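Trainee: Hi! Could you show me how to read a protein model, one feature at a time?

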Amino acid sequence: MADLSYAVPGLVLGPTGGFSQQVQDFQRDLRALGYIAGPIDGEFGNGTLKAIAALTYDLQHNDGSGTDGHAPVAINSYNQGSLTGQADQALVACIAAMLDDANYPKLPNSNDPAGDNQRTLATVRAITGCAVPLPFLLAILNQESGQRHYQIPTRGNIDNFVTIGLDRNDKSNPARITSRGYGLGQYTIFHHPPTSDEVNSFILDPVQNISTTIKELGDKFQNWVIGPSDTASDRIAEIGHGPLIPCKYDASDPKFQTDCINCLKGAPPVTITAGTTPYYAGATDTYAQTQYHVGSYNNVPQRDKIGCDWPYAVRRFNGSGVNSFDYQAEFLLKLLAQH
């Protein structure tokens with residue numbers, strides 16, 4: 001039986017105005033169960049409130065099904081009743097049952113997250129025959145996870161779990177976590193919790209983790225820039241419908257798909273202002289600040305002067321619309337900053 005510091009008769013966790021060991025223990029357990037992305041700092045803030053709401057929703061509705069498969073357990077099977085939406089002892093009893101159940105895979109953590117992250121990146125950099133330019137791949141990993149497979153504890157924040165991203169895209173149920181991205185490449189699944197096989201494969205293995213990232217970016221390049229699945233409006237407006245450009249260098253050149261940063265440095269810098277700068281010349285919509293992006297950027301390499309179509313593929317990697325254009329600008333800046 002889980003021995004929980006916050007399993008105290010009558011205790012309801014809530015804002016304390018400062019650090020609480022019970023709150024930190026509570027956050028760590030929510031992190032292990034996949035309901036909070038961090039920090040684990042002992043301060044009862046908005047992230048903890050959202051985690052409580054998401055867990056409460058799942059205890060009431062999550063039957064283990066997902067658009068991409070089934071979870072090993074149904075979260076609603078841990079519901080023991082009397083849920084109020086607060087961090088009270090009814091919710092604590094559910095958490096204890098989830099933690100005690102060996103069939104519920106917990107998120108892994110690391111005793112040496114900084115070292116494991118370095119080894120993970122070294123493994124990625126050693127990939128040979130990669131289907132996408134390695135500098136672009138590394139910049140996407142920076143964009144997705146800060147190139148951190150595991151979070152690194154800081155003063156006051158003990159988080160050393162695998163990096164997780166939580167999406168809430170159900171407008172009718174805003175508390176619901178609709179998908180979770182895991183690790184370096186934010187490999188995304190829609191069922192929860194993951195299976196033990198999923199934990200032991202793509203959540204723990206960095207190469208398997210980024211396999212989806214490589215596959216998806218390659219697919220966006222091949223099929224979503226000039227078709228046949230769709231076209232990138234910025235590419236069509238700026239370059240036209242001509243053949244895909246994998247690199248400005250010939251495939252026999254050592255610089256082929258490796259000299260990306262110098263190519264970006266050679267492109268003229270542009271300034272992007274939210275609400276003013278159009279997506280591209282002739283577009284009616286402009287860059288904008290959103291819940292995910294700031295919308296304004298300085299010294300962004302001019303994408304049509306870089307010499308390949310990968311910047312357009314990167315935008316389609318993140319879908320379409322304003323968020324995709326913001327994502328593209330942020331990505332190019334991250335790529336430019338790589339050494």
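Mentor: A term to start with: a residue is called buried when its relative accessible area is under 20%, exposed when that is over 50%, and partly exposed in between. Please also keep in mind that this is a predicted model.

Trainee: Let me try that out. Is Gln147 buried or exposed?

Mentor: Gln147 has a relative accessibility of 16%, so this residue counts as buried. You will find Gln147 in the loop between α5 and β3 (164–167).

Trainee: What should I look at in the backbone there?

Mentor: Here is the general idea: most residues other than glycine have a negative phi, and most peptide bonds are trans. Now the case here: phi of Gln147 is near 55°, a positive value, and Gln147 is not a glycine.

Trainee: Which value does phi take in Gln186?

Mentor: Gln186 has a phi of about 50°, which is positive although Gln186 is not a glycine. Gln186 sits in the loop between β4 and β5, and with 11% relative accessibility it counts as buried.

Trainee: You also mentioned peptide bonds. Where is Pro39, at the end of a cis bond?

Mentor: Pro39 belongs to the loop between α1 and α2. The bond leading from Gly38 to Pro39 is cis, and its omega is near -5°. Another cis peptide bond runs from His192 to Pro193, with omega near 0°. Pro193 lies in the loop between β5 (187–189) and α6 (196–203).

Trainee: Let us stay with the loop between α1 and α2. How exposed is Ala37?

Mentor: Ala37, also in the loop between α1 (21–32) and α2 (46–61), has a relative accessible area of 32%, so Ala37 is partly exposed.

Trainee: Which residues does Ala37 touch, beyond those up to four places away in sequence?

Mentor: Ala37 touches Arg31, Asp159, Ile164 and Leu166. Take Leu166: this residue is 129 residues apart from Ala37 along the chain, while their C-alpha atoms are separated by 7.0 Å.

Trainee: Now helices, please. How do I read the length of one?

Mentor: Compare the expected span with the distance between the end C-alpha atoms. Helix α7 (residues 206–223) has 18 residues, which should span 26 Å at 1.5 Å a residue, and its end C-alpha atoms are 26 Å apart, so the two agree. Helix α11 (residues 322–337) has 16 residues and reaches 23 Å from first C-alpha to last, close to the expected 22 Å.

Trainee: And how do I read which side of a helix faces inward?

Mentor: An α-helix has 3.6 residues a turn, so residues three or four places apart point the same way. In α7 the buried residues include Ile210, Ile214, Leu217 and Phe221. The buried residues of α7 pack against α4 (113–125), α5, β4, β5, α6 and α10.

Trainee: What about the buried residues of α11?

Mentor: Among them are Phe325, Tyr327, Phe331 and Leu335. The packing partners of the buried residues of α11 are α5, α8 (233–238), α9 (260–265), β6 (269–272), β7 (297–301) and α10.

Trainee: How do I describe two helices that pack together?

Mentor: Two packed helices are described by the angle between their axes and the distance between the axes. For α5 and α11, the angle is about 115° and the axes are 9 Å apart. Their crossing is right-handed. From α5, the contact includes Phe136, Ile140 and Glu144, which meet Tyr327, Glu330, Phe331, Lys334 and Leu335 of α11. The residues of this contact divide into seven nonpolar, two polar and three charged.

Trainee: At what angle do α5 and α10 cross?

Mentor: The axes of α5 (residues 134–145) and α10 (residues 310–317) cross at roughly 30° and come within 12 Å. That makes α5 roughly parallel to α10. The contact is made by Phe136, Ile140 and Glu144 of α5 with Trp310, Pro311, Val314 and Phe317 of α10. By type, these residues are six nonpolar, no polar and one charged.

Note on methods. Residues are numbered from 1 along each chain as its sequence is written. This is a predicted model: local features need pLDDT of at least 70, side-chain atom pairs count only at pLDDT 80 or more; totals for chains, interfaces and linings use all residues. Side-chain values use heavy atoms; hydrogens and water are left out. Axes are lines fitted to C-alpha atoms, for helices over the stretch in contact, and angles run from 0 to 180 degrees between N-to-C directions. Helices (H or I, at least four residues) and strands (E, at least two) are DSSP runs, numbered from the N terminus. Angles under 35 degrees count as roughly parallel, over 145 as roughly antiparallel, 65 to 115 as roughly perpendicular and the rest as oblique. Contact means heavy atoms within 4.5 Å. Ala, Val, Leu, Ile, Met, Phe, Trp, Tyr, Cys and Pro count as nonpolar, Asp, Glu, Lys and Arg as charged, and the others, Gly among them, as polar. The expected span of a helix is 1.5 Å times one less than its number of residues. Buried means under 20% relative accessible area, exposed over 50%, partly exposed in between (1.4 Å probe, protein chains only). A crossing is left-handed if the near helix is turned anticlockwise from the far one by less than a right angle, and right-handed if clockwise.
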